[in-house]
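Please consult the sequence and the structure while reading.

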Amino acid sequence: MAKQLATEMAPPFNLVAHYFIAGAFFYMLTSFVLPFYADEIGGYFVSSSLASLSHQYLLGFVMIMIFGAMYQLVPVILEIPLFSKDFAYIQFYMYVVGLSIMTFAFGVDKLLFLLPYGALLVYISMLIFTVNIFLTYRNLQRWSISAKFIFVSNIFLFVSVTLGLIAALNLYYGFLEIDVLQLVHAHIAGVLIGYVLMTVMGVALVLIPMFSLSHGFDEKPIERGFYFVSIGLVLYMVAMIGALGWLATIAEALILISFGLFAYQMWIIFTTRIRKQNDFWAKNMMASFAFFILSIVIFVIASLFGLDQLRMFAGYLFFFGFLAMIIIGHIYKVLPFLVWYQRYSPLVGKQKVPMLNDMVVEKVADWQFWLTFAGTVISAFGILIVNQFLFIAGTLMMAVSAFLVLYNIYYTLTYGKDL
Ligand code: HEM
């Protein structure tokens, strides 16, 4: 694994650590503010207060962790060095400042005038990221399926955050002639499916076989899935902007087929794995994929029958079940590896070196897993039956579990620090 995850072309550990630490901090912050949203569980509609929460969680935790991981993984997946490491540091500081301004501006009415500034900073920082990735692709020799996913996901990122920026400027200056919700729906699908999910699909295809020791499996399902999701999403975004209901239905069908193919691909990898041990990583993966399938199936049923509360329940399981667990599970693998590689790889053969699992407190990771799992299920039921008590109880459990994630990150980062 050491050879697969590390390469002389990878950026300094310090860079990736910046992203992971900030991500853990925002995760904790979101977990602490989540119980205060109990009043809003009665129904979902796009609002500035929910936009504050969703951007804090999605950009502050999900995206920042993905950016950090991409800086480590892109050179490994593409087998070429990143175009610029300096760009990555500049992006980080602009992003964190811009995002903090943006979430405050969304959340506090009186601060709305700051939204264009925060949004612009975040937008420019994301442009720096995508330009860095595209310039890295200049020297690419072999287009693996993961390379294709990452490339196309960055195009979607660029297009959909441009729509987000237009919507944000419109919130303050009000210049759009069409209904802004048309843009916002295209924006949400573009960032969530086009960037977050397509990146997860591309990266999962490298990391999951690597950690579960699965080789020589058939990749056709995901190759087909790639075309279904790319074409489906382009059609969906056009349908949203042009308010074309019939096109949206075709697009949704294509996207759903791609999700099915992705789930099937993960199943193939899972059944051909050599490492059967169910450690904290494997538990997180199984739970996250169960939440993925569950949230998609429930979402489809809710949409077919027009059940809004059920749709909100599905969305919540997707955000706080699937996304949180797939990211946290991988932090427990990737972070110890990076620390190990930096501190212990020069000592291999000279003295006893720790195993990766020693660099995470297993008991804490186990407690954290069960607390996140139970907290997510309980708070999600709180949403389903509109019960504020259940929602608050579940989200408080999630807040405690976020603290445990942070503790393990601290433990790993300081492991063997005095060597
Ligand atoms: C430059 C970056 C971005 C800007 C300027 C931006 C701006 C916006 C705006 C203006 C809205 C509509 C809010 C409203 O009408 O009250 C919105 C909604 C939303 N955006 Fe973004 N966005 C950005 C990036 C992202 C990213 C990267 C994601 C996901 C990974 C995301 C996910 C969402 C979601 C889920 C909503 C719906 C919020 C709700 O539930 O009310 N956005 N965004």
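Of the 26 residues around the ligand, which come nearest? They are Leu50, Ala51, Ala119, Gly164 and Val191, where a residue counts as near a molecule if its C-beta atom, placed from the backbone, lies within 6 Å of it. This is a predicted model, in which local features need pLDDT of at least 70 and side-chain atom pairs count only at pLDDT 80 or more, while totals for chains, interfaces and linings use all residues. Residues are numbered from 1 along each chain as its sequence is written.

The shell around the ligand receives at least two residues from each of helix 3, helix 5 (115-137), helix 6 (145-173) and helix 7 (180-212); helices are DSSP runs (H or I, at least four residues) numbered from the N terminus. Helix 3 gives the most, with 8 residues.

The contact takes 24 residues from domain 1 and 28 residues from domain 2, two residues being in contact if their C-beta atoms, placed from the backbone, lie within 7 Å. On the side of domain 1 that touches domain 2, helix 1 (2-5), helix 2 (13-33) and helix 3 (48-78) each supply at least two residues. The largest share of that side, 9 residues, comes from helix 2. Its residues comprise 20 nonpolar, 4 polar and no charged.

How values were computed:
Nonpolar A, V, L, I, M, F, W, Y, C, P; charged D, E, K, R; others polar.
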